[in-house]
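Let's take a friendly walk through this protein and the molecule it holds. Have a look at the picture first, then read on.

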Amino acid sequence: MPRLGRRRFTTLAAAGVLGLAQLRARAFHQAVAQTGLKDAFKDDFLIGTAVDGRTIDDPSTPLAQLVAREFNAITPTNLMKWGPLEPREGEPQWAGPDRLVAFGAAHGMTVVGHTLVWHSQTPRWLFVDEQNAPVSKERLLKRIETRIRTLVGRYQGRVAIWDVVNEAIDEDEKGWRQSPFLNIAGPEYVERAFQIAHEADPKATLLYNDYNEHNPGRRRFLVDVIRDYKRRGVPIHGVGFQGHVGLEYPDFAEYEKSLQAIAAEGLPVHITELDVDVLPRASGYTGAEISTNFELSERLNPWKTGLPPEIDARLTARYRQLFELFLKYRQTIARVSTWGTFDGESWKNNFPVRGRTNYPLLFDRELKPKAAHAGLIALKAR
Ligand code: GLA
C-alpha cells in the first residue's frame, strides 16, 4: 500500500466527508495512477507484458512510457524466436533483442527470453541440410546447442528467465507433440535444451511453457516429465502457463488443479501470456471459410465499433476472478504477464479468425486503462 498521508485522511474522515476505508481506497487508486499495476502487486508477483520491436525502439512514446510505468517484466513477442532472430544460419539479427534487453535494464525490469525451442516460427533452413534433405539428429541437436549457447550466453545475467521449450506437449494428450524436432531428434531434444541453457547461464530461471494448462491429460504428462527430470537432474526451474483464456473457458476447477499439481512438485508457475478473448468462439467452424464467409464473420465479429458495457463488465469480472486465483496461489506464482499491452496490438484480433476487433487486454486502443485494470487495483485496495 503506498504511503497515505495519514493526517489528511483522518481530517477528511473526521469531517464526515468520506469513511476512512473509502479514503484509503481512493488514495491507493491515486497513487497507482502515478505508478502502476506492478506497484499494486509488488508484494505478490511480478507483473509483465510482451512487447514488439516498435514498442521499445523509442522510449519516449506514450506506449513505451506506459509499459515502463505499469510493468516490471517484459517478454519479446517475436524478436528472439528462432525464425525472426536467425533467418540465415549463423547470422543472428541482434539489433532488436539488444534494444529490448537494454530497455528492460534501463527500467529495472525482469527480462524474459522467449523462446529457445518451439516448433512454430522456425527458420527455413532448420530441419534440412544443404541438399534440402532432412537434417540428421546430430546436426539438429548441434543447431539447438549453438542457438542456445549463443543467445543465452549473449544475455547472461541480463535475461533472468527463459522459456526454454514452448508447446512441446501433444494437443491430444498423447505425450510429446509430433514435430520435426521430435521426429528427427526424439524427446531428448527437450532435456538437451534445458541442460545447455543451464550451462550457458547457471543463474537463469528455466521454464517449460505451454497452453491449455487446465487440461488433465497434459497436466499428468507434464508432472511425469517434471518428476523424471528432477530425478535425473535435468534443470527445469518452473512452468509457464500461457493463460490464453476466454470469458467462459477454461474450467476454473481444472485450472486450479494444475496450479496445485505444479506447486506440489515444488516448482513456481509463471503466467506467461495472459489475455481474455471476449468474442464468440469460432470452434465448430473450420478452415479458411471462417474469414471469407461474410455472414459468419459478422456473427463472429460483433463489436467492431466498441465493446458493449455488459461485455466489458464480464471482462472486468473475469480478470478479477483470475487474479483472485493468482493471489490465492501467490506462494507459487512468480509472475503474471499479459501477451501485449493494449487491445489494438493483440494477436487475438487475428486468431483464430483474421481481422476481428477483440478486447482481451487491460488497456484500450487509445492506451487508456480499462475497467478491468481498475478492478485489479481494487483487489489490492480493499
Ligand atoms: C504462443 C506463443 C507466443 C505467441 C502466441 C500468440 O502462445 O508462445 O509466442 O506467438 O502464441 O501469438
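Predicted model: local features only at pLDDT ≥ 70, side-chain atom pairs only at ≥ 80, totals over all residues.

Threonine 115 is part of strand β3 (residues 110-118); helices (H or I, at least four residues) and strands (E, at least two) are DSSP runs, numbered from the N terminus. Residues are numbered from 1 along each chain as its sequence is written, and side-chain values use heavy atoms, leaving out hydrogens and water.

Which residues surround the ligand? They are Lys81, His114, Trp118, Gln121, Asn166, Glu167, Gln242, His244, Glu273, Trp339 and Trp347, where "near" means that a heavy atom of the residue lies within 4 Å of the molecule. This shell splits into three nonpolar, five polar and three charged residues. (Ala, Val, Leu, Ile, Met, Phe, Trp, Tyr, Cys and Pro count as nonpolar, Asp, Glu, Lys and Arg as charged, and the others, Gly among them, as polar.)

| Side chain | Ligand atom | Distance |
|---|---|---|
| histidine 114 | oxygen | 2.5 Å |
| glutamine 242 | oxygen | 2.9 Å |
| glutamate 273 | oxygen | 2.4 Å |

Taken alone, the ligand exposes 300 Å², and the protein buries 87% of that (areas by the Shrake-Rupley method with a 1.4 Å probe).

Glutamate 167, another member of the shell, has a phi near 55°, a positive value in a residue other than glycine. You'll find glutamate 167 in the loop between β4 (161-166) and α9 (180-185).

Proline 352 sits in the loop between β9 (333-338) and α16 (371-381).

Finally, the rings. Rings of Phe, Tyr and Trp (its six-membered ring) pair if their centres lie within 6.5 Å, with planes under 30 degrees apart called stacked, over 60 edge-to-face and the rest tilted. That gives 14 aromatic pairs. Phenylalanine 194 and tyrosine 229 have ring centres 6.3 Å apart and planes at 70°, so they are edge-to-face. This pair links distant parts of the chain, 35 residues apart: phenylalanine 194 is in helix α10 (residues 188-200) and tyrosine 229 in helix α11 (residues 216-232).

Notes:
Polar contact = N/O pair within 3.5 Å; in protein donor to acceptor, adjacent residues only side chain to side chain.
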